[in-house]
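Dear colleague,

Please find below the sequence and the structure that I am handing over to you.

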Amino acid sequence: MGLQQNSFLKMEQLIKEYPPLRGFLENMNLPLDKITLLPEEYFRSLDSFVLEETGLGRVELQDLFQSYLQHLQMIKEDQGSIGSLTLWGGQDKAGKPEEVHLHIQRGEIVCLVGPTGSGKSRLLEDIEWLAQQDTVTRRKVTIDGNVPREELRFSSGRKLVAQLSQNMNFVMDVTVYEFLKMHAESRLMKNIEELVDIVVEQANLLTGESFGKDVPVTSLSGGQSRALMIADTAALSVAPVVLIDEIENAGINRSKALELLVSRDKIVFIATHDPILALMGHKRLVMKNGGMIKVLERSEKELEALEKLQMIDRKINEARQLLREGAKLESLF
Ligand SMILES: Nc1ncnc2c1ncn2[C@@H]1O[C@H](COP(=O)(O)OP(=O)(O)OP(=O)(O)O)[C@@H](O)[C@H]1O
Ligand SMILES: [Mg+2]
């Protein structure tokens, strides 16, 4: 439901659609017997005694209600209304039209491959921005076949897309627990204590060096903070689309990280030069000179190749671990 239509909905219809609104009225000691009115009429009908109890003016109170409603709408929208995303071709660096378009379903991973400078990061930006032929590439994004609404593009939240950036610079000096609790609360989640434990546990599955929830986020290593952000995105983010620009050197278990994200039914885009990550994608978008060249579907044969590469990767990790411990590598094979 679009934001515009709501002015025609009565309070009781809004409450039916967004049950937390009832809690809002109750918390504010606002009457529940007048909910057959439209919001405007409802707030106009409140007498001064009721208003005084809330400590707010009529207009302020209605504004607060409206922004809470908008927040609930955004969350609802983000939680699962996306089935697919399509990226329509624009032009490459030379201005040559792209013949290719990319269609991706919920729960799928797309890997972007191509030489350095071929436009992988640029393409991720187009998606983050939900481009409408208004970026240098002239590409266009549609969601479930439609042009996304303006609010989704320009609202400060832009919660449709979560970007896992390469460098995590924690600016606040809070503990892992406080950090996750803030995220969970701002997303109106319940069972916060349990959620925090799950996220920390999952993050620790991704990184070799585990950490507890009472350490300050600023003390985490690069790999640990990366793992925390991935687990946080998988469990606490309502954004259905996740963008990742290269996680190969982050010192985390890449396969597990991707599995975690995809198991939450998200659409994942990942730009990579890493063959294992590239083969983990259901689809592979090949980039050249700033343009989309072709979309490859992963084949059965490639899945077999992936298994072999993962075995080699495990060996390399084992060797790395032995080296760290100061052991000899004679028993590796
Ligand atoms: N279609 C395009 N039209 C114009 N400029 C483009 C286009 N695609 C990419 N560019 C520009 O080309 C430059 C290199 O692109 P980008 O950084 O996306 O490459 P990359 O594939 O991510 O490289 P790397 O593998 O090194 O990270 C950027 O400045 C980007 O804005
Ligand atoms: Mg790049």
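The notes below describe the domains, the strands, some backbone angles and the surroundings of the ligand.

Please bear in mind throughout that this is a predicted model.

I begin with the overall division of the chain. The protein is split into domain 1 (3-78), domain 2 (85-301) and domain 3 (302-333). The centres of domain 2 and domain 3, taken over C-alpha atoms, are 27 Å apart. Where these two domains meet, nine residues of domain 2 are in contact with eight residues of domain 3. On the domain 2 side of this contact, helix H12 (275-280) and helix H13 (300-324) are the elements that give two or more residues. H12 provides the largest share of that side, with four residues.

Next come the strands. Strand S1 (residues 84-88) and S4 run antiparallel and are joined by four bridges. Thr86, for instance, has Thr142 in S4 as its bridge partner.

Further pairings involve strand S8 (residues 283-288). Strand S3 (residues 109-113) runs parallel to S8, and four bridges join the two. Here Val110 stands opposite Lys283 in S8. S8 also pairs with strand S9 (residues 291-297), this time in the antiparallel sense and over six bridges. Within that pairing, Lys294 in S9 is the bridge partner of Val286. S8 and S9 form a hairpin with two residues between them, and Asn289 in the turn has a positive phi of about 50°.

That angle leads to a point about the backbone. Most residues other than glycine have a negative phi. Asn29 is not a glycine, yet its phi is positive, at about 55°. Asn29 is found in the loop between helix H2 (20-27) and helix H3 (39-45). Is Asn29 buried or exposed? Asn29 is exposed, because 9 other C-beta atoms lie within 10 Å, and a residue counts as exposed with 12 or fewer. Arg138 likewise has a positive phi, of about 65°, although it is not a glycine. The place of Arg138 is in the loop between H6 and S4. With 18 other C-beta atoms within 10 Å, Arg138 is partly exposed.

Finally, I turn to the ligand. How many residues surround ligand 1? There are 16 of them, and the closest are Thr116, Gly119, Ser121, Arg122 and Gly290. Helix H6 (residues 120-128) gives the most to this shell, with three residues. By class, the shell around ligand 1 has two nonpolar, ten polar and four charged residues.

With kind regards

Methods: Residues are numbered from 1 along each chain as its sequence is written. Chains are lettered from A and ligands numbered from 1 in the order in which they are written. This is a predicted model: local features need pLDDT of at least 70, side-chain atom pairs count only at pLDDT 80 or more; totals for chains, interfaces and linings use all residues. A residue is near a molecule or strand if its C-beta atom, placed from the backbone, lies within 6 Å of it. Ala, Val, Leu, Ile, Met, Phe, Trp, Tyr, Cys and Pro count as nonpolar, Asp, Glu, Lys and Arg as charged, and the others, Gly among them, as polar. Domain bounds come from an automatic or database domain assignment. Two residues are in contact if their C-beta atoms, placed from the backbone, lie within 7 Å. Two strands pair if DSSP finds at least two bridges between them. A residue is buried if 20 or more other C-beta atoms lie within 10 Å of its own, exposed if 12 or fewer, and partly exposed in between; C-beta atoms are placed from the backbone.
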